[in-house]
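Here are a few notes to read with the model open beside you. Take them one at a time and look up each spot as you go.

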Amino acid sequence: MQRHLISAADLTRDDAVLILDTAEEMARVADRPIKKLPTLRGRTVVNLFFEDSTRTRISFEAAEKRLSADVINFTAKGSSVSKGESLKDTAQTLEAMGVDAVVIRHGASGAPYRLATSGWIDAAVINAGDGTHQHPTQALLDAFTMRRRLVGRDAGIGQDLSGKRITIVGDVLHSRVARSNVDLLHTLGAEVTLVAPPTLVPVGVESWPCEISYDLDSTLSKSDAVMMLRVQRERMNAAFFPTEREYSRRYGLDGDRMAKMPEHAIVMHPGPMVRGMEITAEVADSGRCTVVEQVANGVSIRMAVLYLLLGGNEPAVTHTRPPVSHHHPSNERSAHTISADEEK
């Protein structure tokens with residue numbers, strides 16, 4: 001594993017599969033009565049959010065706390081950033097505090113890379129979304145969700161997504177989720193098709209490792225997973241389509257369109273959903289929609305990333321029952337024990 005996680009394109013197939021397999025171990029921890037591992041005890045992780053976020057910030061915070069890290073939350077609103085402090089000043093402040101990892105979300109594409117390569121701070125940097133560029137942990141949790149649903153929870157261990165056909169629909173132009181997913185799904189062997197109005201397809205998309213289509217209906221019957229993207233109004237500075245109604249009619253997923261998908265196919269959405277726009281309530285609330293699963297899987301994936309970047313290379317959770325001393329009943333532990341190295 002590398003020192004930082006800045007872009008999904010930086011991951012090899014083996015890196016990605018290792019993260020997915022480690023997340024599967026972390027998910028087992030979530031099934032326990034006590035959902036904690038001592039792996040990052042004594043390590044400090046800062047959540048540095050320069051942009052609004054609810055689910056990503058909460059997800060990272062849950063992951064950090066489940067690994068017993070000390071968590072510092074930093075939100076740009078009401079901080080020194082709103083008073084004009086630069087990213088460099090903020091980074092040097094955190095460096096002075098002795099931070100081990102920084103989870104950063106920033107409106108400017110490239111900010112996490114700058115932080116990781118600038119020398120301002122000696123910490124692992126995890127990109128939680130930068131502008132319209134990348135959102136690697138979202139792509140990882142999406143791949144994790146697909147592997148569980150399309151390959152199987154146990155059958156998926158060690159496997160990639162070879163031969164799976166994934167369709168990503170909507171505002172690709174402004175979507176860091178789409179960019180990260182195209183990179184990661186290609187690395188994992190999946191075939192990706194982007195479907196969007198011509199005005200919401202990025203310049204240079206022909207160099208991406210995916211197909212492009214402007215017709216949603218023609219792609220649904222051959223998709224194993226269909227990922228709907230939110231139309232990102234907050235990043236738009238022009239009229240990209242005539243009306244919401246027309247967008248929804250041509251690129252929205254409703255019950256009739258879902259019926260055209262193969263029986264095993266799933267509907268995904270990175271959230272937050274705009275019901276009635278890109279997805280109807282009927283589809284969002286159906287058993288084929290994995291939105292809630294994706295949120296749960298996000299915590300497992302982020303635990304895996306933090307563990308691999310900060311925790312070392314020992315297995316996160318071992319499966320052997322240790323020899324139990326009969327003199328101390330307190331020594332007895334469950335079959336899923338934490339490896340000895342982590343208890344030190």
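1. Start with the contacts across the chain: among those between residues at least 6 apart in sequence, 74% join residues at least 24 apart. Contact here means heavy atoms within 4.5 Å.

2. A word on ground rules. This is a predicted model, where local features need pLDDT of at least 70, side-chain atom pairs count only at pLDDT 80 or more, and totals for chains, interfaces and linings use all residues. Residues are numbered from 1 along each chain as its sequence is written, and side-chain values use heavy atoms, with hydrogens and water left out.

3. Now the parts list: the chain has 12 helices and 11 strands. These are DSSP runs numbered from the N terminus (helices: H or I, at least four residues; strands: E, at least two). Of the 344 residues, 54% count as buried, meaning under 20% relative accessible area with a 1.4 Å probe, protein chains only.

4. Have a look at strand 4 (residues 124-130): seven of its seven residues are buried. Strand 3 (residues 101-106) runs parallel to strand 4, and five bridges join them.

5. Finally, helix 1 (residues 13-30) packs on helix 11 (residues 291-311) at an angle of about 115°, with axes 8 Å apart. That makes helix 1 roughly perpendicular to helix 11, a label covering 65 to 115 degrees. Axes are lines fitted to C-alpha atoms over the stretch in contact, and angles run from 0 to 180 degrees between N-to-C directions.

Conventions:
Parallel < 35°, antiparallel > 145°, perpendicular 65-115°, else oblique. Buried < 20%, exposed > 50% of the residue type's maximum accessible area, 1.4 Å probe, protein only. Pairing = 2+ DSSP bridges.
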